[in-house]
Amino acid sequence: MLILTPTSFSVTSATASGAALDWARSGNGQQLTEHGTCAAALLPADDDVVLVLPPHAVSWHRATLPRIANARLRAVLDGVLEEHLLSDSADLHFALEPGGRAGQTVWVAACHKAWLKAWLQVLEDAGRPVSRIVPSIWPHLASARHPSAATVHWAHHQAGRPWLASASALGVVCTPLQPGSAGAAALVLPTPGDTETPDGDTQWLAEPAAAAEAEQLLGQRFELVALPAWLLRCAQSEWNLAQFDLSLSSTARRGQRLRQTLRQWRSAPAWRPARWGLAALLVVQLVGLNTAAWQERRVLAAKQQALGQTLQRSFPQVTLVLDAPLQMRRELARLQQASGTLSHGDLEAMLGVLGQATDAPSTALSRIDFSNREGRFTVTPDNEDSLTALQQTLQRSGWQAQRQDTELTLRPANP
């Protein structure tokens with residue numbers, strides 16, 4: 001995942017040659033691997049590019065949407081937000097909060113369309129097409145990572161100047177941090193009629209470059225958060241401002257959601273119990289399969305040993321057991337030959353079974369060839385059906401019967 005944000009949010013900066021971007025990279029969406037600042041053409045390659053919009057580039061508006069079709073929602077936003085906007089709505093790009101839809105009261109993000117499209121085109125030309133657009137701070141930011149926090153203050157540098165961005169349930173406010181600034185103090189000190197927020201419900205975060213100025217001006221200690229870590233925090237949110245005319249195709253959105261879900265499942269701390277549970281289940285299954293296989297091998301070895309013992313008890317002259325069934329068949333064949341008893345492999349047995357299976361008036365044997373427990377008989381039947389019936393009769397009797405034209409090959413079936 002490649003996360004980046006412009007160092008300047010003016011329209012001319014996007015089209016300027018060598019316009020700089022701050023970027024951070026994460027392989028799993030949870031830990032940073034590298035970061036830096038460079039032009040778009042020098043950015044590292046990545047399949048998942050997330051563009052983070054600076055706080056000054058986005059304004060936030062609370063609006064109740066009428067119940068209309070989603071296809072008409074963008075046109076309706078112009079009328080709903082007309083009284084809240086300082087610019088012409090045709091020059092702005094709108095996006096709804098995650099899960100926001102018609103018929104609800106939602107947060108609507110607005111930003112300068114020309115500026116945003118210019119940066120998207122710059123990244124497209126550089127071979128780094130953007131897959132998701134997220135804000136750097138948004139209402140209820142604290143609830144995404146810190147459910148107990150009601151307000152987040154973030155001191156940061158933008159275009160060389162320190163700023164304080166504050167997010168709460170009431171929206172987002174950006175104020176410059178400079179000596180004598182009354183606006184920054186107003187963000188911190190409660191106004192008459194407001195309910196004071198407990199210290200435990202407020203977070204004070206700052207980039208290292210802006211921390212000293214913010215602490216000196218506001219008299220509040222800030223927790224240091226480097227810009228790359230802040231960018232990663234923004235990319236972990238559910239926000240995506242690529243909506244309406246800037247939205248991706250449905251296939252791309254599904255692929256994006258799938259990659260994000262897999263990344264969170266693979267690396268997010270919240271999924272750690274599920275990962276450990278799956279690993280434990282796999283280990284248990286592996287141990288169980290190995291145990292079952294070991295038991296099956298023991299049973300098979302016991303049966304093979306019993307066969308060998310039976311062979312040696314029946315034929316004491318056999319001292320080495322390699323293939324008990326085969327050796328037992330050979331010893332039985334030798335006993336039959338020694339005693340003159342017919343076996344299935346003898347010609348007499350084959351002629352006997354043929355005599356029982358053939359119909360003498362309609363089928364006759366014209367040629368007999370016998371060798372190595374295999375008999376070849378040339379049959380002269382009255383018709384094809386009688387020869388087929390003879391073959392099926394022999395097979396049902398437990399013989400291997402194969403036919404080629406009028407020649408029938410007969411072998412005793414293996415036990």
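At what angle do helix α11 and helix α12 pack, and how far apart are their axes? In this predicted model, helix α11 (residues 347-357) and helix α12 (residues 384-396) pack at an angle of about 125 degrees, with their axes 10 Å apart. That angle makes α11 oblique to α12, and α11 passes α12 in a right-handed crossing. On the α11 side the contact is made by V353, L354 and A357, and on the α12 side by L390, T393 and L394. These contact residues divide into five nonpolar, one polar and no charged.

## The chain overall

The chain contains 12 helices and 17 strands. Of its 415 residues, 39% count as buried. Among contacts between residues at least 6 apart in sequence, 56% join residues at least 24 apart.

## A second helix pair

Two packed helices are described by the angle between their axes and the distance between the axes. Helix α9 (residues 272-314) and helix α10 (residues 324-339) are another such pair, packing at about 20 degrees with axes 9 Å apart. The two are therefore roughly parallel to each other, since angles under 35 degrees count as such. The crossing of α9 past α10 is left-handed. From α9, the residues L307, G308, T310 and L311 make the contact, and from α10, A324, Q327 and M328. By type, the residues of this contact divide into four nonpolar, three polar and no charged.

The two pairs are set out below.

| Helix pair | Angle between axes | Distance between axes |
|---|---|---|
| α9 and α10 | about 20 degrees | 9 Å |
| α11 and α12 | about 125 degrees | 10 Å |

## The three-stranded sheet

An open sheet of three strands has the order β5-β7-β6, and its pairing is antiparallel. β5 (58-64) and β6 (92-96) stand at the edges with a single partner strand each, so one side of each is left without a neighbour in the sheet. Neighbouring strands of this sheet are turned by 30 degrees against each other on average, direction ignored. Five bridges join β6 to the antiparallel strand β7 (residues 105-112). In this pairing, F94 stands opposite A110 in β7. Helix α2 (residues 73-80) packs on the sheet and touches β5, β6 and β7, with its direction at about 110 degrees to that of β6. Helix α3 (residues 113-125) also packs on the sheet, touching β6 and β7, and its direction makes about 70 degrees with that of β7.

Leaving aside neighbours within four places in sequence, R74 is in contact with S89, L92, F94, K113 and F244.

F244, one of those contacts of R74, is found in the loop between α7 and α8 (250-267). Most residues other than glycine have a negative phi. F244 has a positive phi of about 55 degrees although it is not a glycine. At 24% relative accessibility, F244 counts as partly exposed.

## The five-stranded sheet

Which strands form the open sheet of five, and in what order? The order is β11-β10-β9-β12-β13, and the pairing is mixed. The edges are taken by β11 (171-176) and β13 (223-224), each with a single partner strand, so one side of each is left without a neighbour in the sheet. Two bridges join strand β12 (residues 202-206) to β13, and these strands run parallel. The bridge partner of L205 in β13 is E223.

Helix α6 (residues 208-218) lies across β9 (151-158), β10 (161-168), β12 and β13, running at about 120 degrees to β9. Helix α7 (residues 227-235) lies across β9 and β12, at about 130 degrees to β9.

## A hairpin

Strand β14 (residues 365-371) and strand β15 (residues 374-379) run antiparallel and are joined by six bridges. L365 stands opposite V379 in β15. The hairpin has two residues between the strands, and in it N372 takes a positive phi near 55 degrees.

Terms used:
Residues numbered from 1 in each chain as written. Predicted model: local features only at pLDDT ≥ 70, side-chain atom pairs only at ≥ 80, totals over all residues. Heavy atoms only, no water. Pairing = 2+ DSSP bridges. Helix = DSSP H or I, 4+ residues; strand = E, 2+ residues; numbered from the N terminus. Axes fitted to C-alpha atoms, helices over the stretch in contact; angles between N-to-C directions. Parallel < 35°, antiparallel > 145°, perpendicular 65-115°, else oblique. Left-handed = near helix turned anticlockwise from the far one by under 90°. Contact = heavy atoms within 4.5 Å. Nonpolar A, V, L, I, M, F, W, Y, C, P; charged D, E, K, R; others polar. Buried < 20%, exposed > 50% of the residue type's maximum accessible area, 1.4 Å probe, protein only.
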